[in-house]
Amino acid sequence: MLDIALVGCGGMMPLPNRYLSSALLRYEGRMMLIDCGEGTQVSVKQVGWGFKNIDCICITHFHADHVAGLPGLLLTIGSSGREEPITIVGPQGVEHVVRSLCVIAPEIQYPINFIELPYRGESNIPIPMTSYKLSAIPANHNCPCFAYRIDIKRTGKFDLAAAQKLPIPRKYWGFLQRGDEIEHDGRIYTPEMVLGAGRKGLAVSYCTDSRPPRGLASFVKNSDIFICEGHYGEDEKLDKAKSHKHMIFSEAAKIAKDGEVKELWLTHFSPAMPNPEIFIENARAIFENSHVGYDRMVATIGFERD
């Protein structure tokens with residue numbers, strides 16, 4: 001099971017009932033956070049999943065509403081007892097930005113590893129201590145910005161008949177089933193020897209602060225949940241969205257439709273739009289399974305039954 005929580009849904013500035021845009025994902029007890037604006041840790045606390053097991057923080061870009069909450073959050077993670085390294089991913093320069101912010105948080109004791117993304121093409125990002133695949137593509141904002149995708153792969157079914165034909169003790173079957181290679185009597189045995197074809201996994205995609213970037217529909221293809229900014233709800237705000245490098249509801253819905261995703265969550269609402277739900281039909285007219293996000297909106301998705 002993969003748990004997803006919208007930590008906040010606001011853009012530019014937090015409001016009394018709306019924190020800044022961020023998302024938290026949890027799989028097998030380990031967590032990833034996307035963006036960390038001012039006040040993020042307050043909403044994470046309200047979600048109730050804890051802080052210690054946040055292994056990775058992905059930063060879309062360096063505007064304050066996406067990074068200014070990092071020093072406090074990192075201190076809170078340390079106070080929770082974290083000793084293992086954390087990985088922070090973001091555009092080139094992310095290490096300089098984070099270390100500059102953390103001048104006010106010198107008490108952070110655990111290591112921080114940084115992955116800086118080239119601003120071209122799609123990047124596949126190895127994250128220690130996790131069992132998911134993380135990838136990113138450049139977005140189209142007024143500074144370097146990235147959209148992210150998280151995939152949970154699923155192996156094929158265990159083939160009992162194939163396992164029984166192998167000259168290895170039964171105690172090794174579980175290792176192969178979990179995807180580990182084993183050596184027995186001088187020979188290497190691989191998971192492919194006992195597993196069928198890979199089955200459909202889980203996918204969540206996330207894009208904020210962007211015009212519709214080239215290739216985004218392909219990037220989010222078949223996502224179970226696509227979290228996308230709808231900075232403005234009205235089609236009449238298209239020119240304003242273009243000038244500020246944002247999207248309107250109908251543009252996000254078009255990407256969701258073209259990407260054949262299962263569900264669209266709209267987020268990153270302008271502070272001038274206190275009631276985004278009144279514009280939801282602008283999205284649903286294009287992609288029916290569209291939803292206006294709200295702070296601490298939570299869903300759990302599981303693998304399809306065979």
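Colleague: Is Phe158 buried, partly exposed or exposed?

Modeller: The model is predicted: local features need pLDDT of at least 70, side-chain atom pairs count only at pLDDT 80 or more, and totals for chains, interfaces and linings use all residues. Residues are numbered from 1 along each chain as its sequence is written, and side-chain values use heavy atoms, with hydrogens and water left out. Buried means under 20% relative accessible area, exposed over 50%, and partly exposed in between (1.4 Å probe, protein chains only). Phe158 has a relative accessible area of 25%, so this residue is partly exposed.

Colleague: How many aromatic pairs does a search of the whole structure find?

Modeller: Rings of Phe, Tyr and Trp (its six-membered ring) pair if their centres lie within 6.5 Å; planes under 30 degrees apart count as stacked, over 60 as edge-to-face and the rest as tilted. On that basis, the search of the whole structure gives a total of three.

Colleague: Which kind of pair do Tyr119 and Phe146 form?

Modeller: Tyr119 is partly exposed at 39% relative accessibility, whereas Phe146 is buried at 1%. Tyr119 lies in the loop between β6 and β7 and Phe146 in strand β9, so the pair ties together parts 27 residues apart in sequence. Helices (H or I, at least four residues) and strands (E, at least two) are DSSP runs, numbered from the N terminus. With 5.4 Å centre to centre and 90° between the planes, the pair is edge-to-face.

Colleague: Over how many bridges do β1 and β2 pair?

Modeller: Within this pairing, Ile4 stands opposite Leu25 in β2. Strand β1 (residues 2-8) and strand β2 (residues 22-27) pair in the antiparallel sense, and the number of bridges is six.

Colleague: Is Glu251 buried or exposed?

Modeller: Glu251 belongs to helix α9 (residues 249-258). Leaving aside neighbours within four places in sequence, Glu251 is in contact (heavy atoms within 4.5 Å) with Arg211, Pro212, Leu238 and His246. Its relative accessible area is 14%, so Glu251 is buried.

Definitions and conventions. Two strands pair if DSSP finds at least two bridges between them.
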